[in-house]
Amino acid sequence: MAFRVNLYENYNELPASHETLLKESSRRGVFFERAWFELLMEHSYSKDNHFCLYSVECEDSGQPLLLAPMR
């Protein structure tokens, strides 16, 4: 199985195919939710920090396998 890594500047850029992955991660608790990461970036870090999301996807199907918020 081949993989590809995509970079997204924010949650709004994520394709609809990532919705299931986002829902699954939010079930793990508040510290895995989109709102938590957006709150951190808005209020806890200086404007010099850049927030982005890395997504690992199956190259053939485009199915997202991993979503990693990074700064």
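Strands S2 and S3 (residues 64-70) pair in the antiparallel sense over six bridges; two strands count as paired if DSSP finds at least two bridges between them. The model is predicted, so local features need pLDDT of at least 70 and side-chain atom pairs count only at pLDDT 80 or more, while totals for chains, interfaces and linings use all residues. Residues are numbered from 1 along each chain as its sequence is written, and side-chain values use heavy atoms, with hydrogens and water left out.

**Overall architecture and confidence**

- The protein chain contains two helices and three strands, where helices (H or I, at least four residues) and strands (E, at least two) are DSSP runs numbered from the N terminus.
- Along the sequence these elements follow the pattern β-α-α-β-β.
- The C-alpha trace spans about 40 × 25 × 15 Å along its principal axes.
- Mean pLDDT (the predictor's confidence in each residue, from 0 to 100) is 88 for the protein chain, and 100% of the residues score at least 70.
- Of the contacts (heavy atoms within 4.5 Å) with a separation of 6 or more, 56% join residues 24 or more positions apart.

**The sheet**

- Three strands form an open sheet in the order S1-S2-S3, with antiparallel pairing.
- S1 and S3 are the edge strands, each pairing on one side only.
- The twist averages 20° from one strand to the next, with axes taken as lines fitted to C-alpha atoms (for helices, over the stretch in contact) and angles running from 0 to 180 degrees between N-to-C directions.
- Strand S1 (residues 3-8) pairs with S2 in the antiparallel sense over six bridges, and within this pairing Val5 stands opposite Val56 in S2.
- On the S3 side, Val56 stands opposite Leu66, and Tyr54 stands opposite Ala68.
- The hairpin of S2 and S3 has five residues between the strands, and there Gly62 takes a positive phi near 80°.

**Burial and the nonpolar core**

- Of the 71 residues of the protein chain, 24% count as buried; buried means under 20% relative accessible area, exposed over 50%, and partly exposed in between, with a 1.4 Å probe and protein chains only.
- Strand S2 (residues 52-58) is mostly covered, with five of its seven residues buried.
- The largest nonpolar core has nine residues: Tyr8, Tyr11, Leu14, Leu21, Leu22, Met41, Phe51, Leu53 and Leu67. Such a core is a set of buried Ala, Val, Leu, Ile, Met, Phe, Trp, Tyr and Cys residues joined through side-chain atoms within 4.5 Å.
- Leaving aside residues up to four places away in sequence, Leu67 touches Tyr11, Leu14, His18, Leu21, Leu22, Leu53, Tyr54 and Ser55.
- In soluble globular proteins, nonpolar side chains tend to be buried together.

**Cysteines**

- Cys52 counts as buried because its relative accessibility is 7%.
- Cys58 also counts as buried, because its relative accessibility is 8%.
- The structure holds zero disulfides, a disulfide being a pair of cysteine sulfur atoms within 2.5 Å.

**A loop residue: Glu13**

- Glu13 lies in the loop between S1 and helix H1 (19-26).
- With a relative accessibility of 40%, Glu13 counts as partly exposed.
- Glu13 and Glu42 are 29 residues apart along the chain, and their C-alpha atoms are separated by 17 Å.
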